[in-house]
Amino acid sequence: MTKVNKILVTATNYSKLCAEAKQLLEDNGCEIIENRLGRPFTFEELKDIVRDIDGVVAGVDTWDEAVFQLAPKLRVIARFGVGVDNIDLEKAKQYGIKVTNVPGGNANAVAELAIGLILGAVRNIPALQQSARNGVWDRFVGAELKGRKIGLLGFGNIAQMVAKKLQGFEVELSAYDKYPNADKARELNVTLTSYEQILRESDVVSMHLPSLQETHHFMNNETFGMMKDGSYFVNTARGAVVSEKALYEALKSGKLAGAAIDVYEQEPVSADNPLFQISNIVTTPHTAAETYETYHLVSLTTAQAILDVFHDKQPANLLT
């Protein structure tokens, strides 16, 4: 009798947006168990379903030893995206669980939203839409990007795409990265410099650093204090790299003219988050990678990675 591998998909909208990948798994003898909650699973929810799971297409739920202990059959976690800060890679390796991701799979989508958030913040677009709907003729005076200095904290795939797309806005670009790609910087006319200089000189700072122990609360009272008075801050990376308390204070005090964020320290974000109580911030619900194109590419890549592990082949983008 052929073994049926059970695949838990914690990424959302799988049947709707990933039909081809789902079919690929089912054609190869897999049973799909989907996330119908529209949000990440909690530990209490995971612990009741992981015991018989052979593979996971993981969203941003937490996968750590507490979960691994309850999942004796689990062989592979294919992260539906690039960031794996929600997966304990060392523990996964100890438990013999392969972990893969899809670097660059959502880069274009995130880069496009980052630019959208920059424009939304400097032109106050969401607030103006709401005022118009309320019949208020608010002729807000915003800023143009042309001639402005835009600094990128991090210079990986997404930041490089942001830089490429911003060329037509006639801005001055700089970037900080611990391991800078000098060739790409020259190609994209980006000046590589220190993060301190970026904070002090940029009119807009766009966050693209990964979430690591060393980058936790990279943006805090001290680093926000370094930024130019009246500048803007945008975060499409990870919530953990920014202290929301410090961001709130920088916005409330007028140190920053505005901000735009897609990610939060706790997700799903609570409606009583203090950041939602101030007017000079644009907020979206971790939606930067949510495009049809991203779902298609990432779903097929993760499905193939899971099948490769089941067939004892080396999957692409293996992390453990």
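Leu 152 stands opposite Ser 206 of strand β9. Four bridges join β9 (residues 204-207) to strand β6 (residues 149-153), and the two strands run parallel. Helices and strands are DSSP runs numbered from the N terminus (H or I over at least four residues for helices, E over at least two for strands), and two strands are taken to pair if DSSP finds at least two bridges between them. The model is a predicted one, in which local features need pLDDT of at least 70 and side-chain atom pairs count only at pLDDT 80 or more, while totals for chains, interfaces and linings use all residues. Residues are numbered from 1 along each chain as its sequence is written, and side-chain values use heavy atoms, with hydrogens and water left out.

The chain has 13 helices and twelve strands. Its radius of gyration is 21 Å, close to the 20 Å that the globule rule gives for 320 residues, so the chain is as compact as a globular protein of that length. The radius is taken over C-alpha atoms, and the rule is 2.2 Å times the number of residues to the power 0.38. Along the principal axes, the C-alpha atoms fill a box of roughly 70 × 50 × 35 Å. Buried residues account for 47% of the 320 residues; buried means under 20% relative accessible area, exposed over 50%, and partly exposed in between (1.4 Å probe, protein chains only). Of the contacts (heavy atoms within 4.5 Å) between residues at least 6 apart in sequence, 61% join residues at least 24 apart.

Strands β6 and β9 belong to an open sheet of seven strands, with parallel pairing and the order β8-β7-β6-β9-β10-β11-β12. At its edges are β8 (190-192) and β12 (281-283), each of which pairs on one side only. From one strand to the next, the twist averages 15 degrees. Helix α6 (residues 107-122) lies across β9, β10 (231-235), β11 (256-261) and β12, and runs at about 145 degrees to β10. Axes are lines fitted to C-alpha atoms, for helices over the stretch in contact, and angles run from 0 to 180 degrees between N-to-C directions.

Ala 289 is found in the loop between β12 and α13 (292-310). Residues up to four places away in sequence aside, Ala 289 touches Asn 106, Ala 109, Val 110 and Thr 294. A separation of 9.0 Å is found between the C-alpha atoms of Ala 289 and Ala 111, which are 178 residues apart along the chain.

In helix α2 (residues 19-27), Ala 21, Lys 22 and Leu 25 are buried. Seen down the axis of α2, the buried residues fall within an arc of 100 degrees, so they line one face of the helix; the arc is that of the directions from the helix axis to the C-beta atoms. These residues pack against β1 (5-9), α1 (14-17), β2 (30-34) and α13. Just after α2, Gly 29 takes a positive phi of about 80 degrees.

A salt bridge is a side-chain nitrogen of Lys or Arg within 4 Å of a carboxyl oxygen of Asp or Glu, and the count by this rule is 14. Lys 22, Glu 34 and Arg 36 are linked in a network of such bridges. Asp 85 and Arg 238 meet through their side chains at 3.1 Å, N to O. Asp 85 lies in the loop between β4 (76-79) and α5 (89-94) and Arg 238 in the loop between β10 and α12 (244-252), so the pair ties together parts that are 153 residues apart in sequence. Asp 85 counts as partly exposed, at 41% relative accessibility, whereas Arg 238, at 16%, counts as buried. A salt bridge of 2.3 Å, N to O, joins the side chains of Arg 186 and Asp 183. Both residues lie in helix α9 (residues 182-187), three residues apart, about one turn of the helix, and both are exposed.

The peptide bond from Glu 267 to Pro 268 is cis, with omega near -5 degrees, and Pro 268 is placed in the loop between β11 and β12. Glu 170, a residue other than glycine, has a positive phi near 60 degrees and lies in the loop between α8 (157-166) and β7 (172-176). His 217 is not a glycine, although its phi is positive at about 55 degrees. His 217 lies in the loop between β9 and α11 (221-226) and is partly exposed, with a relative accessible area of 25%.
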